[in-house]
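Here are my notes on this model, point by point. Please read them with the structure open.

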Amino acid sequence: VRPRTGQTWWALLPTVSAAAFSLAPREVARDEGIGPTRRAVLVLDQASWHTAKHLTVPEGIHLAFLPAYSPELQPAERLWGLVDAPLANRTFIDVDDLECTLVRRCRQLERQRQPIKTRTRYHWWPRERHPARPR
């Protein structure tokens, strides 16, 4: 999530592991054009799959780790209630049915930037700096 704009990027991964998580920064870099001349910082908790020694992070992506046991500092943590809403009090035929529901919800949330921004832009969150445009 980009707290300033409410823009989100979602990844439904098959498992929680360093190998699976390595897919996420790679896809974000591809989708956002991140590389040697355009950089991004991903703020993460210290889950073992985020801190694994064999984690692959593409050029231009920098990982910033929050203190241990501090989910209240992670803006993305405040989105789980929005993601989980269509799952509450429901049963699903199978995992594919659950996945389709989650994909549909994530796509809806991508278009709802103001509620995302409201939940994630803490007053103390650093402002994004934009490079000066060439004249």
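1. A term first. A residue counts as buried under 20% relative accessible area, as exposed over 50%, and as partly exposed in between. Leu-73, at 26% relative accessibility, is therefore partly exposed. Bear in mind that this is a predicted model.

2. Where does Leu-73 sit? Its place is the loop between strand 2 (61-65) and helix 3. Setting aside residues up to four places away in sequence, Leu-73 touches Leu-66, Pro-67, Tyr-122, Trp-124 and Trp-125. Check also the pair Leu-73 and Thr-120. These two are 47 residues apart along the chain, and their C-alpha atoms are separated by 9.7 Å.

3. Next, the core. Which residues make up the largest nonpolar core? There are six: Leu-79, Leu-82, Val-83, Leu-102, Leu-109 and Ile-116. Helix 3 (80-84) and helix 4 (95-110) are the elements that give two or more residues to this core.

4. Take Leu-109 from that core. Neighbours within four places in sequence are left aside here. Leu-109 is then in contact with Leu-82, Val-83 and Ile-116, and also with Thr-8 and Trp-10.

5. Trp-10 turns up again in the second largest pocket, as one of its lining residues. Rolling a probe the size of a water molecule over the atoms shows where empty space is left. This pocket has a volume of about 190 Å³. The lining includes Trp-9, Trp-10, Ala-11 and Leu-12. Glu-99, Val-103, Cys-106, Arg-107 and Glu-110 line the pocket too. By class, the lining has six nonpolar and three charged residues, with no polar ones.

6. Now the charged pairs. Side chains of opposite charge can pair when their charged atoms come close. How many salt bridges does a search of the whole structure find? The search finds two.

7. Arg-30 meets Glu-27 in a salt bridge, at 2.6 Å from N to O. Arg-30 also forms a salt bridge with Asp-31, with the closest N and O atoms 2.6 Å apart.

8. Look at the spacing of the first pair. Arg-30 and Glu-27 lie three residues apart in helix 1 (residues 18-32), so about one helical turn separates them.

9. Glu-27 counts as partly exposed, at 24% relative accessibility. Asp-31 is partly exposed as well, with a relative accessible area of 40%.

Conventions: Residues are numbered from 1 along each chain as its sequence is written. This is a predicted model: local features need pLDDT of at least 70, side-chain atom pairs count only at pLDDT 80 or more; totals for chains, interfaces and linings use all residues. Side-chain values use heavy atoms; hydrogens and water are left out. On a 1 Å grid over the protein atoms alone, a cavity is a set of points where a 1.4 Å probe fits but cannot get out, and a pocket is an open set with protein on both sides within 12 Å along at least five of seven lines; lining residues have an atom within 4 Å of a point. Grid points are joined across faces, edges and corners, and a volume is the space filled by probe spheres set on the points. Ala, Val, Leu, Ile, Met, Phe, Trp, Tyr, Cys and Pro count as nonpolar, Asp, Glu, Lys and Arg as charged, and the others, Gly among them, as polar. A nonpolar core is a set of buried Ala, Val, Leu, Ile, Met, Phe, Trp, Tyr and Cys residues joined through side-chain atoms within 4.5 Å. Buried means under 20% relative accessible area, exposed over 50%, partly exposed in between (1.4 Å probe, protein chains only). Helices (H or I, at least four residues) and strands (E, at least two) are DSSP runs, numbered from the N terminus. Contact means heavy atoms within 4.5 Å. A salt bridge is a side-chain nitrogen of Lys or Arg within 4 Å of a carboxyl oxygen of Asp or Glu.
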